[in-house]
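Hi everyone, thanks for coming. Have a look at the model on the screen, and then let's walk through it together.

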Amino acid sequence: MYYRGESLYARGKKAEAAAAYAQMLQKQPQHAMRGEALYALGVAQEELGKATEAGATYDTFIKEFPKSPLYPEVVMRRAETLFSAGKFADAEKWFAAAAASNAQRATCGRGACVHQLSAGRPGRQRLQARE
């Protein structure tokens with residue numbers, strides 16, 4: 001099922017890929033590729049405009065696979081789903097957590113959150129005030 005999802009995704013069939021990943025996760029919850037399937041499902045959901053569903057998928061990954069090499073990317077994607085949902089305070093916390101492994105991308109995201117949370121003061125001052 002995982003590789004079927006990968007094939008569908010590669011051909012641009014994201015909804016079908018998401019369904020394949022979800023089916024694998026449901027039918028084979030202990031599968032060795034569960035982490036990869038959760039990541040792929042979250043990405044597909046995000047690209048389909050389903051940020052809330054993607055966020056829940058990323059939360060499951062974060063809870064179950066804290067030592068995965070994909071963990072830093074998933075934390076960053078979780079922050080981005082919160083940002084796109086307008087949950088800037090929550091997103092800022094996730095961007096700050098992600099900064100340990102991807103400082104430039106996370107700092108940009110965190111700065112955007114701070115900008116949204118406190119318009120009016122220059123961005124660098126706002127970011128420094130929150131640290």
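Predicted model: local features only at pLDDT ≥ 70, side-chain atom pairs only at ≥ 80, totals over all residues.

Let me start with a question: are helix 5 and helix 6 roughly parallel or roughly antiparallel to each other?

The chain has eight helices and zero strands. If you trace the elements from the N terminus, they read α-α-α-α-α-α-α-α. There are 131 residues in the chain, and 37% of them count as buried. And if you take the contacts with a separation of 6 or more, 34% of them are between residues 24 or more positions apart.

Okay, back to our question. The axes of helix 5 and helix 6 come within 8 Å, and they cross at roughly 165°. An angle over 145 degrees counts as roughly antiparallel, so helix 5 and helix 6 are roughly antiparallel to each other. The crossing of helix 5 past helix 6 is left-handed. On the helix 5 side, the residues making the contact include Val 75, Met 76, Ala 79, Leu 82 and Phe 83. On the helix 6 side, they include Phe 88, Ala 91, Trp 94 and Phe 95. Sorted by class, the residues of this contact are eleven nonpolar, no polar and three charged.

Now step back to the pair formed by helix 4 and helix 5. Here the axes come within 9 Å and cross at roughly 150°. Helix 4 and helix 5 are therefore roughly antiparallel to each other too. Helix 4 passes helix 5 in a left-handed crossing. Among the residues of helix 4 in this contact are Ala 51, Tyr 58, Phe 61 and Ile 62, and among those of helix 5 are Tyr 71, Val 74, Arg 77 and Thr 81. The class count here is eight nonpolar, three polar and three charged residues.

Next, how are helix 1 and helix 3 oriented, roughly parallel or roughly antiparallel? They pack at an angle of about 30°, with their axes 11 Å apart. Angles under 35 degrees count as roughly parallel, so helix 1 and helix 3 are roughly parallel to each other. Their crossing is left-handed. From helix 1, Tyr 2, Glu 6 and Tyr 9 meet Glu 36, Ala 37, Ala 40, Val 43 and Glu 47 of helix 3. Those residues split into five nonpolar, no polar and three charged.

Let's move to the inside. The largest nonpolar core has 28 residues, and the members that touch the most others are Tyr 2, Tyr 21, Leu 25 and Val 74. Helix 1, helix 2, helix 3, helix 4, helix 5 and helix 6 each supply at least two residues of this core. Which helix gives the most to this core? That would be helix 3, with seven residues.

Leaving out residues up to four places away in sequence, Tyr 21 touches Tyr 2, Gly 5, Glu 6, Tyr 9, Ala 37, Ala 40 and Leu 41.

Ala 44 is found in helix 3, and with a relative accessible area of 0%, it is buried. Setting aside neighbours within four places in sequence, Ala 44 is in contact with Lys 14 and Ala 18. Ala 44 and Ala 18 are 26 residues apart in sequence, yet their C-alpha atoms are 5.7 Å apart in space. Now look at Ala 19, which lies in helix 2. Ala 19 has 44% relative accessibility, so it counts as partly exposed. Its C-alpha atom is separated from that of Ala 44 by 9.5 Å.

Is Thr 57 buried or exposed? Thr 57 lies in helix 4, and at 8% relative accessibility it counts as buried. Beyond its neighbours within four places in sequence, Thr 57 is in contact with Leu 38, Leu 41, Gly 42 and Gln 45.

The last stop is Glu 92, found in helix 6. It is a charged residue, and at 5% relative accessibility Glu 92 counts as buried. Glu 92 and Leu 82 are ten residues apart in sequence, with 8.8 Å between their C-alpha atoms.

Note on methods:
Residues numbered from 1 in each chain as written. Heavy atoms only, no water. Core = buried A, V, L, I, M, F, W, Y, C linked by side-chain atoms within 4.5 Å. Buried < 20%, exposed > 50% of the residue type's maximum accessible area, 1.4 Å probe, protein only. Helix = DSSP H or I, 4+ residues; strand = E, 2+ residues; numbered from the N terminus. Contact = heavy atoms within 4.5 Å. Axes fitted to C-alpha atoms, helices over the stretch in contact; angles between N-to-C directions. Parallel < 35°, antiparallel > 145°, perpendicular 65-115°, else oblique. Left-handed = near helix turned anticlockwise from the far one by under 90°.
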